[in-house]
Amino acid sequence: MRTDLFGEPVPIATAELLHVPMALLEPFVTGFGTSSSRAALLVHLVDEEGHEGWGEIAPFDHPFYLPETTSTTWSVVTEWALPLALGVEPTPLVVAHAISPIRGNNFARSGVESAYWVLASHRTGRSLASLFASHASSADASEVRPRVRVGESVSIHETIEETLAHVAKRRAEGYSRIKLKIRPGFDVEVVAAVRALLGPDALLQVDANSSYRREDVAVLQALDRFDLLCIEQPLDWDDIEGHIEIQAALSTPICLDECLRSVAMTDEAIRRGAARNVNLKPARVGGPSASLAIYDLCNTRGVDLWCGGMLESGIGRALNLAMASLPGFTQPGDLAPPSTHYASDLVEPSYELDPDGTVLVPSEPGVGFPVNRDRIDDATIRRFVAR
Ligand code: OSB
Ligand code: MG
């Protein structure tokens, strides 16, 4: 990684953390349960020259996807991550290093590090996408994609009919691929129906969110005939051994999500055959610098990868779009517009899907979309000011 591209750092004048509840239009139903409420925790930095950094943390209110919750990320950021970050030079890689002694707590670290990338982008006048490209050794800034292919992650519906109606709507809107959430009892039949609806050429994959056991291998094998891009995280969040077993028994690539929480874990999973496909979710791996290292690792090993999401608002999504624009991402990402999940976004104008199934990657420096500060202030229920 190169550090010279961030230019002369400017001291931070204010750093704050805002708690903004985000009401989901519909409960998000997955193999780990139903999520009705969530929050955006926004790390907001302003330097002495007025440049701004925004980083979004988008945990669930519960610890059923991964251990972190809205409460834990709030306390780790206010008590540890921001104080450590504010003690060093305000540039992304230096800050990432300063907060690296914090074990785990990846969502919290990711939000803080992200704010410094956005700040650096604003200060240098270079888009986030081009800054990321300059810091990945396997990416060429001149090859950053102006548009990225977008897929939706489809919540579990009550019935197959409702699922088909939803998928048909998404197909009409042009989505590049469909990811169906599945769980035991809602799997082979619904996948068969959706594959029949979409036809053999449509990009289709499933995500089990750790809801199967090693003994369920026969059900997972039954999914092999639907030509899925991948089966995401069938087993427990810490079960590398089990995924090795399952991957050996399947022709469909296993994709890991919950299991890949660091560069080392991703390296191990790939090397040992637990995954042939990677969901690279910046929040889950602890932020952009770990994401760029995982991106390089996957590219070097020739492993397919795509950008995952945490149902972020436009602020967090903007960073994911910039990451997904790197040329080594091989499959469409979970980058559906915030309007699919929320009545209003925290950026205005936000983005929508174009009929060709892509979204334009912001080329403006900083977040890349105009942050709607009035809406954020109106919705903020808790505020921490570091200085
Ligand atoms: O398992 O990929 C997941 C959202 C929150 C937490 C975990 C997951 C998801 C999604 C939605 O599937 C992805 C998105 O559109 O942000
Ligand atoms: Mg997943």
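**Buried elements, a magnesium site and local backbone features**

The buried residues of helix H4 are Leu128, Ala129, Ser130, Leu131, Phe132, Ala133, Ser134 and His135, where buried means under 20% relative accessible area, exposed over 50%, and partly exposed in between, computed with a 1.4 Å probe on protein chains only. The model is predicted, and local features need pLDDT of at least 70, side-chain atom pairs count only at pLDDT 80 or more, while totals for chains, interfaces and linings use all residues. Residues are numbered from 1 along each chain as its sequence is written, chains are lettered from A and ligands numbered from 1 in the order in which they are written, and side-chain values use heavy atoms, with hydrogens and water left out. Helices (H or I, at least four residues) and strands (E, at least two) are DSSP runs, numbered from the N terminus.

Helix H4 covers residues 128-135, and eight of its eight residues are buried, so the helix is largely enclosed by the rest of the structure. Its cover includes helix H2 (92-99), helix H3 (106-124), helix H11 (288-301) and H12. Contact here and below means heavy atoms within 4.5 Å.

Two packed helices are described by the angle between their axes and the distance between the axes. Helix H5 (residues 160-173) and helix H6 (residues 188-198) pack at an angle of about 35°, and their axes are 10 Å apart. The axes are lines fitted to C-alpha atoms, for helices over the stretch in contact, and angles run from 0 to 180 degrees between N-to-C directions. The crossing of H5 past H6 is right-handed; a crossing is right-handed if the near helix is turned clockwise from the far one by less than a right angle, and left-handed if anticlockwise. On the H5 side, the contact is made by Ile160, Thr163, Leu164, Val167, Ala168 and Arg171, and on the H6 side by Glu189, Val190, Ala193, Val194, Leu197 and Leu198. These contact residues of H5 and H6 divide into nine nonpolar, one polar and two charged. In this division Ala, Val, Leu, Ile, Met, Phe, Trp, Tyr, Cys and Pro count as nonpolar, Asp, Glu, Lys and Arg as charged, and the others, Gly among them, as polar.

The magnesium ion (ligand 2) is coordinated by Asp207 (OD), Glu232 (OE) and Asp257 (OD), at 2.1 to 2.3 Å. Donors are N, O and S atoms within 2.8 Å of the metal (3.2 Å for Na, K and Ca), and sites may look incomplete because water is not among the atoms. The donor residues follow the sequence spacing D-x24-E-x24-D. Asp207 counts as buried at 0% relative accessibility, and Asp257 counts as buried at 1%.

The structure holds zero disulfides, a disulfide being a pair of cysteine sulfur atoms within 2.5 Å. For Cys255, the nearest cysteine sulfur is that of Cys230, 4.4 Å away. Cys255 is buried, with 0% relative accessibility. For Cys298, the nearest cysteine sulfur is that of Cys255, at 9.6 Å. Cys298 is likewise buried, at 0% relative accessibility.

Two further buried residues lie in strands. Ser35 is part of strand S2 (residues 33-47) and has 0% relative accessibility, which counts as buried. Leaving aside residues up to four places away in sequence, Ser35 touches Leu24, Pro27, Phe28, Phe60 and His62. The C-alpha atoms of Ser35 and His62 are separated by 8.2 Å, with the two residues 27 apart along the chain. Asp334 belongs to strand S11 and is buried, with a relative accessible area of 6%. With the exclusion of residues up to four places away in sequence, the residues touched by Asp334 include Glu152, Arg177, Lys179, Trp306 and Arg317.

The peptide bond from Glu348 to Pro349 is cis, with omega near -5°, and Pro349 is in the loop between strand S11 (333-334) and strand S12 (358-360). Asp227, a residue other than glycine, has a positive phi near 50°; Asp227 is in the loop between helix H7 (217-222) and strand S7 (231-232) and is exposed, with a relative accessible area of 55%. Leu311 is not a glycine either, and its phi is positive at about 55°. Leu311 is found in the loop between strand S10 (304-307) and helix H12 (314-324), and it is buried, with a relative accessible area of 9%.
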